[in-house]
Protein chains: 2
Amino acid sequence: MLEKITPRLPSGMRDFLPEELIRRQFVIERVAQVFEAFGYEPLQTPVLELEETLLGKYGADAERLIFHAQHPGGKEKLALRYDLTVPLARAFAMHEGKLSLPFRRYQIAPVWRAERPQRGRFREFYQCDVDCIGVEGMEADAEVISVAVAALQRLGFSDFAVKINNRKLLTGIGMYVGLEGAALTDLYRSIDKLDKIGADGVREELLRSGIAAELVTRVMELIGAETAAERGYAAAGARLAHLRQTLAAVPLALEGLAELERVFAYLEASEIPSEMVAFDPAMVRGLGYYTGPIFEAVLLSADPEERVGSLAGGGRYDDLIGLFRKTSLPTVGVSLGIERLIVLMEKRGMYPEPLQRTLVQVLVTVFNESLRPAALRLASQLRKAGLSVEVFAGSAKLGKQLAYANKRGIPLVALLGEDELAAGAVKFKRLRDHHESLCPYAEAAQRAQALLRSLTDH
Amino acid sequence: MLEKITPRLPSGMRDFLPEELIRRQFVIERVAQVFEAFGYEPLQTPVLELEETLLGKYGADAERLIFHAQHPGGKEKLALRYDLTVPLARAFAMHEGKLSLPFRRYQIAPVWRAERPQRGRFREFYQCDVDCIGVEGMEADAEVISVAVAALQRLGFSDFAVKINNRKLLTGIGMYVGLEGAALTDLYRSIDKLDKIGADGVREELLRSGIAAELVTRVMELIGAETAAERGYAAAGARLAHLRQTLAAVPLALEGLAELERVFAYLEASEIPSEMVAFDPAMVRGLGYYTGPIFEAVLLSADPEERVGSLAGGGRYDDLIGLFRKTSLPTVGVSLGIERLIVLMEKRGMYPEPLQRTLVQVLVTVFNESLRPAALRLASQLRKAGLSVEVFAGSAKLGKQLAYANKRGIPLVALLGEDELAAGAVKFKRLRDHHESLCPYAEAAQRAQALLRSLTDH
């Protein structure tokens, strides 16, 4: 006999009970549908990768958060995936002979990071990535932005905008004021803190890093650090034109601006609403591996409880695939902050009502043991019509069975007693309003469907 | 700059590329729908469990196959889940205050076992479990059998049968011939080898273990070792009645027989076809933790390449929940051999045709860069109607774009050149038969849907 142990979860890990999981799956299915509508197809990589695949890719701080795995006597050094991007590059390089370019894939799956557990931060959490490999042109960048917008809209969000910038432009601005190498990295790092430390903070940092005062002023003006990025295609066009004049002598900046012009043109043609896009030359997206356009969807909410960071973000990172391949391939991707989106949707009550409790639509009650076969037969009929049906298990008085349906949130109860059986009938009870409805046995499924429809029609 | 490494997978692990993954997801979605139709709801537990949760539950041989995990400096000893059953017991015991009884859950998820890799055996593979906690009566046993049958039918299988037995009956037979303790375990172990070593082999083993010859003959007769179990409710009823007479003096055997009678009665009421059930008193299901009825769905195929073991199996294991809880609760479950089913479905070509290649339904071609905005607008229109649409990325001659659609298996191509644009029209080309169809721009989505329907209608 085994010693009994207290059931516990590892720190930072979660169980998802049905009620919550049904809502999570609702979100995941909806965004997957949107991805597929844009021609993105699912890819699944294993949870465990070789250590050599992951190490050296994320920086020393991140690497400390990787979970390592091994089995007794195992020779391979393994690790749980830390994100979905490095596995994508590894898998693409391994299988490219079987894939056609462009390769559009999505993956919605958990990753593991041993972050210090705190409220709302978990060690196993989902990432939701869309990437397009093999397209040099800006149509790919505009496409993944469109995918992100369509996914957010599909979930019911409308108060958000996508800020768009280009790493080439940022670097061009650096070159314009004479910065390169480490100084350029400092510039990136300072501008990236704009939201946190404000324009004055950034200016001070830049001055401290040794950039001349008039150049700092110039940079601040060029990135529009003092003003929030104005939304809309017209505003973006005006600002791009202005920068094109100023930076006319910096080829890289001009290249970045031309790319952005194309991105905005494609977004407009793709019917992305004007109020959902903004050119924001002050947006950096950390010190990541981006090489071209970058973008970030942010919530336009005044509610301080809804300051959740970006809803989605991504960009072009043309060097990624080169990690596992002789030459790299142009790649652009976007990641939806799916865990944040789920939290927001919970907070805002954005799930349709019937999802709130259970998937079961009908509870078939059992008057007594001798009537159980009749109940089973009815359930089988109802299921054939596509209904989700539970037969009451165990024996209990009818009142208890109804109370059980109520507690579980099952909307409809079927009653099949001696009287109904003798009359070749079934009685349904809609629990919300106790409405009862008698119908011939043969019409039971139709009647149940009509009663269920009546619950969602208004 | 990182040193380039050859992209490799850990041994026994797989990537699923879109074409294969789409088929796997099709199977998983279909069985999940069936589970939900019976009132089973999804539960998700984390991939990593505490070592203490898993160790001691599976036996020493199995335990050597467990993958252990840890992060640098981490204090918790973790392990990747080895099955979905122990995590269910752990999760149920932790959260039962938030769950109502009976708790019906399913989980379709990967588990990890460091088995020696060989053809068709993987170290990350999916399990697909349905369990019902809290029902003492045989309605739960009949229910999970019905769920397994309905799931197999939903996938398109019809040539299978569920063999059903009861551990109480097996133990009763042992008591009848005077065996208990270790001798009973030997009896189980020998009978379990019936398929492998045949009736003669089992007889020899039993004789060698010291059971008197006339008792061995008696056991072989009672379990029907010499003949294949006959299918159908009538045959089951006759055999149960026969055993009831012979074992009249063994209360445990009578209890087992009475349980089986109820199981068959409920299955018949649930409209499970007679040819899909068989009472098989020689079926043991290994040395597992079962305490009552046991069952196993087997393929009735003469094809030696289809000898894949059981398609599904399960039973009652009333002690499981007690691993993490003061008192146990009656539990019954069934596990679908989802990886085997997928292999069989591939071999038999059981997937509907449109699933074979890609999810993309329409490729919108791009005549030249200046027409890309028009192509994007059309794609946006088609997606609004629910279609899955890819816009050709990059620039290539039309012939190349059509060849791309062909290669990818995209069934329909939209053509939007200067002529069509000027005429306010769109041209579609059905690639299978090169059928072309011109329609007004506003009717594009309808036309595309009609053309796609025409591909699946026959």
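These legends describe close-up views of a predicted model.

**View 1. Packing of helices H5 and H11 in chain A.** H5(A) covers residues 138-154, and H11(A) covers residues 251-269. The crossing of the two helices is right-handed.

**View 2. Residues where H5(A) meets H11(A).** H5(A) contributes Met138(A), Glu139(A), Asp141(A), Ala142(A), Ile145(A) and Ser146(A). H11(A) contributes Glu259(A), Arg262(A), Val263(A), Tyr266(A) and Leu267(A). By class, the residues of this contact are 6 nonpolar, 1 polar and 4 charged.

**View 3. The interface of chain B and chain A.** On chain B, 98 residues are in contact with 98 residues of chain A. The two chains bury about 8,700 Å² between them. Carbon and sulfur atoms account for 57% of that area. The interface holds 12 salt bridges.

**View 4. A salt bridge between Arg372(A) and Glu139(B).** The closest N and O atoms of this pair are 3.3 Å apart.

**View 5. Cis peptide bonds at Pro102(A) and Pro102(B).** In chain A, the bond from Leu101(A) to Pro102(A) is cis, with omega near -5 degrees. Pro102(A) sits in the loop between helix H4 (85-95) and strand E5 (103-112) of chain A. In chain B, Leu101(B) and Pro102(B) are joined by a cis bond with omega about -5 degrees. Pro102(B) lies in the loop between helix H4 (85-95) and strand E5 (103-112) of chain B.

**View 6. Positive phi at Glu271(A).** Glu271(A) is not a glycine, yet its phi is positive, about 65 degrees. Glu271(A) belongs to the loop between H11 and strand E8 (277-279) of chain A.

Key: Residues numbered from 1 in each chain as written. Chains lettered and ligands numbered in written order. Predicted model: local features only at pLDDT ≥ 70, side-chain atom pairs only at ≥ 80, totals over all residues. Heavy atoms only, no water. Axes fitted to C-alpha atoms, helices over the stretch in contact; angles between N-to-C directions. Helix = DSSP H or I, 4+ residues; strand = E, 2+ residues; numbered from the N terminus. Left-handed = near helix turned anticlockwise from the far one by under 90°. Contact = heavy atoms within 4.5 Å. Nonpolar A, V, L, I, M, F, W, Y, C, P; charged D, E, K, R; others polar. Buried area = accessible area lost by both parts, 1.4 Å probe. Salt bridge = Lys/Arg side-chain N within 4 Å of Asp/Glu carboxyl O.
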